[in-house]
Structure formats: C-alpha cells, structure tokens
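Hi,

Here is the structure I promised to pass on. Have a look at it, and my notes follow below.

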Amino acid sequence: MTELNPESYVQSNEMKMPVVGLGTWQATEEQIETALNIAIDAGYRHIDTAFVYMNEPAIGKALKKFFDCGKIKREELFIVTKLPNIANDAKYVEEYLKRSLSSLQLDYVDLYLIHHPVGLVNGDDLLPRHENGKVKIDVNTDHVAIWKAMEAQVNASRTKSIGLSNFNIKQIEKILKSARIPPANIQVELHVYCQQKELRDFCNKNNITVCAYAPLGSPNLTQFTEVLGGDSSRIPKLSPLLDPVVLRIAEAHEKTPAQVLLRHLLQLGLAVIPKSANPDRIRQNFQVFDFQLTENDMSELNALDKGKDGKMFTIGLLNGIELHPEYPG
Ligand code: A2P
C-alpha cells in the first residue's frame, strides 16, 4: 500500500486532488465559516460544494476573509463545485460556472463537475416539481455537447479541470470517445455498503480519479429527503456507522467507526468528502492518517459491499428522474 499522509492526493494528468475533502451539502450558512475555519486548521485543503447546495455565497464570504487575513492562500486550496441539473445544457454551462465563481468570490475553481446526468427544466427553482411531486425533467440532455462547453471553461481558465458526478460507465464511455479534455474525476456515492467496484476499475483503466460522496453512508439522508419533499421510504435502512464489523475493527485500532469507514476508502485509492458541521467530527474525519487497516481488515470491509442494494441515494430524493432517458440506473 502506498503511504497515506495529510498531503496525499489522487492524480489525473495535472489535477491533484487532496484525498480528504470537506463535504458541505446540508451545511447551513451560519455553520459554514466555523466549519471551514476548523477544517483548515485541522489540515483540510479540499472543499466540495455545488450550486444546488445554496451555500456558495457563505463559502465565498468565509474564504475571502481567510485570504484577506492571510490564514491561507487561494493556491493552497482545492475547490470543487458543480453544474446543477437545471443547467444541463451546453448553453448554460458558462453562465452557471460564472455564477458559482461570483458567489465563491473566486477567479477559478480547481474542478468543475457535471453534477448529474439528468437534466431538469431550467428556471429559478433548483428542484422544479409537478403537482404530483415528480421533478420536471428536460429530456433534451446532450452530454457530448455539455462536455464541449465544459472543455471551453478550462480554456477560459475558469476551472483547472473538469469531471462528472453520478454518471454510469456507459455515459462516461460516450464522453471519453469525443473528449478533447478527458474527465479528471468522477464523484459518486461510495461507501462500505456501495463500493462501486466495476466503476472504480473502469476509472482506474481510464485515468479518472474517483471521489466518494456519502462515505459514511449519509446518516442524515432520510431526514433531509423529507425536508426537500422527497420520498424517504425508498431509502434503505442501513447504517454503516453501526455495522458490527466496522465497530469491531474500530475498537481494535482504537479509532471511531467513521475513521475506519474513511480509511477503508482511502486504502482503496479514493478521495473522500465526509460532510460535517460539527467541530469535533470535522477534526475526527481528518485524523485518518495515523493508523493502517490490515489486509484482513480490508478483506472484511470489502465483503460488506451490498452492490445496488446498498445505495442510499435512490429516486426518493428526486422522484421522477427515473423517467429521463439519461437516468443512470
Ligand atoms: P454532522 O454534520 O452533525 O457531523 P456523509 O458525508 O456520508 O453524507 O455523512 C454526513 C452526515 O454524517 C452528517 O449528517 C454528519 O453530521 C454525520 N457525520 C459526519 N462525521 C461524522 C462522524 N465522524 N461520526 C458520526 N457522524 C458523522
């Protein structure tokens, strides 16, 4: 196993992504500055956000403060944001990246991702829904055309690199065929119950780094889905943080279950973006470089994979996206 340390990164051509990033989905405006402050002090250099998280302005405000007072320099951070579903059209890519940059008060991001393969109807509403609760899909989504517009953003220096999120292998293959700049990274749901082995192998072969979202199994997802008006009954009742195997391995290493879950993914060669707004847990999630899982631990954790049955991000959150021709399955 390659040595892992707080400066470790996953790399695709020029893109070097620090292996542990701070996830910010669901972090409220009030929580952001403290969370980022603690994270930077703890050693995080990678921040993950998205247009749809609606916290880019708060992140931008905090970052400006940190840059102005010399706490950290822009070039020391790796900042990721994403094109929202409602802008999944070549004609919106530049506009939405510019809007994110303006909110973040940045000249460039390090990585810009297409957030999701499914397009939704454009407008002010980030989650447009029909009266029956189903999201309003835009069936004209053309990934190859969107990707060309993404490539243009690299040339315009608004982003250093580009990638994908929530795409399946077939969809990535299609983009790779025509890409002038191949995707440097894909971000997908990935945790001990949903290990995405086939996708990881495919990405490995194609020099695409993989970043795991929901690396702890997103324990707050049911509650959040309900807040967003989704159908939480479709989310499997699974808690990787409470798995007996994870608990036993954690005890043996005198680490927490979360640290074991993160370390497992790091030792698989991935980047991880655990979300936390809690100071102790933010620090805890970065303290994953002072122990090593044994080959036996790794085999036991690998055996916990439930494939598709372990997926938490089902259509419950975006009921109706399954009707789109680019629904990734
Ligand atoms: P909180 O922000 O209160 O810490 P994921 O990244 O898998 O989606 O998980 C995020 C969720 O897990 C959040 O609800 C977060 O709550 C919680 N969480 C983050 N870190 C830990 C940890 N070390 N132990 C337990 N729960 C955690």
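What radius of gyration would a compact globule with 329 residues have, and what does the protein chain have? The globule would be near 20 Å and the protein chain has 19 Å, so the two agree. That radius is taken over C-alpha atoms, and the globule rule is 2.2 Å times the number of residues to the power 0.38. Along its principal axes, the C-alpha trace spans about 55 × 45 × 40 Å. The chain holds 11 helices and 10 strands (DSSP runs numbered from the N terminus, H or I with at least four residues for helices, E with at least two for strands).

Before you read on: this is a predicted model, where local features need pLDDT of at least 70 and side-chain atom pairs count only at pLDDT 80 or more, while totals for chains, interfaces and linings use all residues. Residues are numbered from 1 along each chain as its sequence is written, and side-chain values use heavy atoms, with hydrogens and water left out.

Now the ligand. There are 17 residues around the ligand, and Lys 275, Ser 276, Ala 277, Arg 281 and Asn 285 come nearest (near here means a heavy atom within 4 Å). By class, this shell has eight nonpolar, seven polar and two charged residues. (Ala, Val, Leu, Ile, Met, Phe, Trp, Tyr, Cys and Pro count as nonpolar, Asp, Glu, Lys and Arg as charged, and the others, Gly among them, as polar.) Helix H10 (residues 279–286) gives the largest share of the shell, three residues.

The structure holds one cavity of 30 Å³ or more (a set of points on a 1 Å grid over the protein atoms alone where a 1.4 Å probe fits but cannot get out; lining residues have an atom within 4 Å of a point). The lining of the largest cavity includes Leu 22, Tyr 44, Arg 45 and His 46. H1 supplies the largest share of that lining, three residues, and the lining divides into seven nonpolar, one polar and one charged.

Cheers

Methods. 1 Å grid on protein atoms, 1.4 Å probe; cavity = no way out; pocket = protein on both sides within 12 Å on 5 of 7 lines; lining within 4 Å. Points joined across faces, edges and corners; volume = space filled by probe spheres on them.
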